[in-house]
Amino acid sequence: MWGHLSARTHLALVLISTSIASVGLFAFGAIRNHNTEFSYLIWNLFLAWIPLLVGMGLTKILRHKLWSSWTALFVTLLWVTFLPNSFYMISDFIHVQEVQRVDLLYDVVMFSSFIFNGVILGFLSLYMIHQELIHRLKRTTSAGIITGVLVLCSFAIYLGRDLRWNTWDILVNPGGILIDISDILLHPSTYPHTLGISSSFFVLLASLYLVAWYCVEAVTRPKRF
């Protein structure tokens, strides 16, 4: 049925299907529990799609313009701003037991479905930009930049989960975010969990991305193994 479609189109349809499946799991759980607890998962999944769509737009821009152009730089900044939303969903697991529900195990499956989709969307976006970097820079330099992006994402997850900042606050309250970040850097002892949480998320994200990267390398370039 899909034989005439490109591999990227196949992938897009699969991602849309798995996202719909997550929403379906939520809907079934909402019917069983007679409430819409955890409806924010749908919003978080929507936010997780944004960096992939922005990343796709950036790759199209880079076909015709230099990365140093204002358009490419602005879209890159937009991509970096929204990318943490994809990985932030991992932290949603802390909400699983917040309310009394019919079946805790079902909720774990539902959360896992949303989180899996969010992380996959984030890694696909990251992979696309990583490939664009490799086409222009040394592999080690590209890896260093991607590592820096993951560090920023990990710190952003901390800001979102512990300090309750979100992406929109960058526009509506940038001063507040800068004050909090400055306070963290100047008085790290006041924020004892910053390093631990940020580091743990970085180790997790970097490890998963490294495995995903070499899985793709093994499949697409088997002669190198």
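**Notebook: helices, core and charge pairs**

I started at Asp-169, which lies in helix H7 (residues 169–172). Helices here are DSSP runs of H or I with at least four residues, numbered from the N terminus. The model is predicted, so I note that local features need pLDDT of at least 70, that side-chain atom pairs count only at pLDDT 80 or more, and that totals for chains, interfaces and linings use all residues. Residues are numbered from 1 along each chain as its sequence is written, and side-chain values use heavy atoms, with hydrogens and water left out.

**Asp-169**

I looked for a charge partner of Asp-169 and found no salt bridge, although Asp-169 is buried. Buried means under 20% relative accessible area, exposed over 50%, and partly exposed in between (1.4 Å probe, protein chains only). A salt bridge is a side-chain nitrogen of Lys or Arg within 4 Å of a carboxyl oxygen of Asp or Glu. The nearest side chain of opposite charge is Arg-164, 8.9 Å away; Lys and Arg count as positive and Asp and Glu as negative, with His and the chain ends not counted. A polar atom of the Asp-169 side chain does lie 3.0 Å from the backbone nitrogen of Asn-166. Beyond neighbours within four places in sequence, I list Arg-164, Pro-174 and Ile-177 in contact with Asp-169, contact being heavy atoms within 4.5 Å.

**Salt bridges**

How many salt bridges does the structure hold? I count three.

- Arg-161 and Asp-92 meet through their side chains at 3.0 Å, N to O. Arg-161 is in helix H6 and Asp-92 in the loop between H4 and H5, so the pair ties together parts 69 residues apart in sequence. Both residues are buried.
- Asp-107 and Arg-101 pair at 3.0 Å, N to O, and both are buried.
- Glu-132 and Arg-136 pair at 2.8 Å, N to O. Glu-132 counts as buried because its relative accessibility is 14%, while Arg-136, at 37%, counts as partly exposed.

I checked the length of H5: its 31 residues reach 44 Å from first C-alpha to last, close to the 45 Å expected at 1.5 Å a residue. The expected span is 1.5 Å times one less than the number of residues. Of the 31 residues of H5, 22 are buried, so the helix is largely enclosed by the rest of the structure. At the start of H5, a side-chain oxygen of Asp-103 comes within 3.1 Å of the backbone nitrogen of Leu-105.

Which residues touch the most other members of the largest nonpolar core? In this set of 47, they are Phe-87 and Leu-126. H5 gives the most to this core, with twelve residues. A nonpolar core is a set of buried Ala, Val, Leu, Ile, Met, Phe, Trp, Tyr and Cys residues joined through side-chain atoms within 4.5 Å. Outside four places in sequence, Leu-126 is in contact with Trp-79, Leu-83, Ile-146, Val-149, Leu-150 and Tyr-209.

**Helix H1**

The 27 residues of H1 should span 39 Å at 1.5 Å a residue, and the end C-alpha atoms are 39 Å apart, which agrees. I noted its buried residues as Leu-15, Ser-19, Ser-22, Phe-26, Gly-29, Ala-30 and Asn-33; these pack against H2 and H5. Just after H1, His-34 has a positive phi of about 55°.

**Gln-97**

Last, I looked up Gln-97, in the loop between helix H4 (84–88) and helix H5 (104–134). Gln-97 counts as exposed because its relative accessibility is 67%.

How values were computed. Helices (H or I, at least four residues) and strands (E, at least two) are DSSP runs, numbered from the N terminus. A polar contact is a pair of N or O atoms within 3.5 Å; within protein, one must be able to donate a hydrogen and the other to accept it, and residues adjacent in sequence count only if both atoms are side-chain atoms.
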